[in-house]
Amino acid sequence: MAATTTDLAFGPKRTFDLQGFLASSTAAVNAALDHDLPAATTKPATIHTAMRYSLFAGGKRMRPALCLAAAAACGGNPVHAMPLACAVECIHTYSLVHDDLPAMDNDDYRRGKPTNHKVFGEGVAVLAGDALLTEAFEIAARCRGWPRYSHRKIILELAHAAGSLQLIAGQVADLEGEGKKITAAQLRYIHERKTSALLCCSVRLGGMSANCTPAQLEALTDFGYHVGLAFQVIDDILDVTQTSEKLGKTAGKDTQAQKATYPSIVGLEKSRQIAEQLTGRAFAALKPFRGKAPALEALAAYLLIREK
Ligand code: GRG
């Protein structure tokens with residue numbers, strides 16, 4: 001991965017060692033998660049082994065990276081952002097474990113490995129997802145509060161993004177839309193909740209962990225919202241253009257499940273244009289940082305050209 005902001009037409013030319021940033025943020029997040037989660041051998045060992053199986057299966061760790069990058073843009077200390085970066089990854093992993101269940105997307109392959117229920121059975125996979133969701137709040141509760149962002153406000157932020165108005169709402173609309181012809185507006189509703197809400201929350205939490213100003217939080221929200229939407233459009237494109245081996249999850253699932261996606265509604269070419277426009281909006285949102293958010297810029301640029 002050699003992505004830097006200089007690769008794309010957005011914003012002024014800047015270089016940033018994204019590979020180095022992702023390597024160090026992923027290593028730090030993995031070490032913190034390893035420390036926070038009960039050991040695989042802790043009784044009942046089955047549940048802790050199952051939680052760790054999916055959490056350490058090799059996800060890209062984009063949500064924690066966005067959280068840490070947002071904290072850096074606001075002059076924060078990564079130590080203060082880390083509990084929140086770990087919490088969003090736990091919520092994301094829980095959502096994948098449950099999404100893969102036979103009652104949901106019924107998938108056998110995730111993060112390059114057999115899905116949780118294929119290894120541990122459906123009952124344990126449901127519980128592993130539940131436990132990861134709960135663990136997220138236990139870890140997040142270790143964050144510190146600030147004058148602008150109380151401990152309570154930070155936890156509410158996380159709960160709202162994961163709850164029935166956002167992440168779950170998106171999943172419900174996604175399930176109910178299967179096999180139906182839906183409009184681009186309805187598809188946007190699904191993407192905003194199913195995908196963008198948690199990505200945007202990751203960015204906002206990073207800012208909050210740095211006691212960011214209201215203007216910075218507004219800019220981060222605008223950035224996270226657009227990056228989140230672009231992320232799902234690219235995800236839909238990759239589903240029809242990449243192999244399962246490359247993605248580490250079953251390719252072609254959306255077509256198989258008769259899911260409405262941007263490529264199915266507007267075609268591949270137009271979908272790419274939409275992803276580029278959304279990424280352009282994300283870049284524009286960072287203007288108030290006056291070039292002091294290089295990691296966020298580089299992440300947005302990379303997410304547009306990612307191949308998995
Ligand atoms: C409550 C039963 C129950 C289920 C909830 C909320 C939910 C299930 C599922 C969320 C829906 C979902 C899977 C949205 C897709 C978001 C998305 C594009 C995920 C892939 O993210 P990546 O590419 O994955 O960052 P890695 O594996 O790299 O972390």
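Which helix is Arg204 found in? Arg204 is found in helix 9; helices here are DSSP runs (H or I, at least four residues), numbered from the N terminus. This is a predicted model, in which local features need pLDDT of at least 70 and side-chain atom pairs count only at pLDDT 80 or more, while totals for chains, interfaces and linings use all residues. Residues are numbered from 1 along each chain as its sequence is written, and side-chain values use heavy atoms, with hydrogens and water left out.

**Arg204**

Arg204 counts as buried because its relative accessibility is 18%; buried means under 20% relative accessible area, exposed over 50%, and partly exposed in between (1.4 Å probe, protein chains only). Leaving aside residues up to four places away in sequence, Arg204 touches Glu157, Leu217 and Thr221, where contact means heavy atoms within 4.5 Å. With Thr221 there is also a side-chain to side-chain polar contact of 2.8 Å (a pair of N or O atoms within 3.5 Å; within protein, one must be able to donate a hydrogen and the other to accept it, and residues adjacent in sequence count only if both atoms are side-chain atoms).

**Around the ligand**

Now to the ligand, which is surrounded by 19 residues, each with a heavy atom within 4 Å of it. The closest are Lys60, Arg63, His92, Arg111 and Gln171.

| Residue | Polar side-chain atom to a ligand oxygen atom |
|---|---|
| Lys60 | 2.5 Å |
| Arg111 | 2.7 Å |

Taken alone, the ligand exposes 740 Å², and the protein buries 88% of that (Shrake-Rupley method, 1.4 Å probe). Helix 4 (78-99), helix 8 (167-177), helix 9 and helix 10 each give two or more residues to the shell. The largest share, 6 residues, comes from helix 4.

Helix 14 (residues 268-285) has 18 residues and reaches 26 Å from its first C-alpha to its last, close to the 26 Å expected; the expected span is 1.5 Å times one less than the number of residues. Its buried residues, including Ser271, Ile274 and Phe283, pack against helix 9 (184-209), helix 10 (214-241), helix 13 (262-266) and helix 15 (294-305).

Helix 15 is largely enclosed by the rest of the structure, because 10 of its 12 residues are buried. Among them are Glu297, Tyr302 and Leu304. The buried residues of helix 15 pack against helix 1 (18-36), helix 3 (62-73), helix 10 and helix 14.
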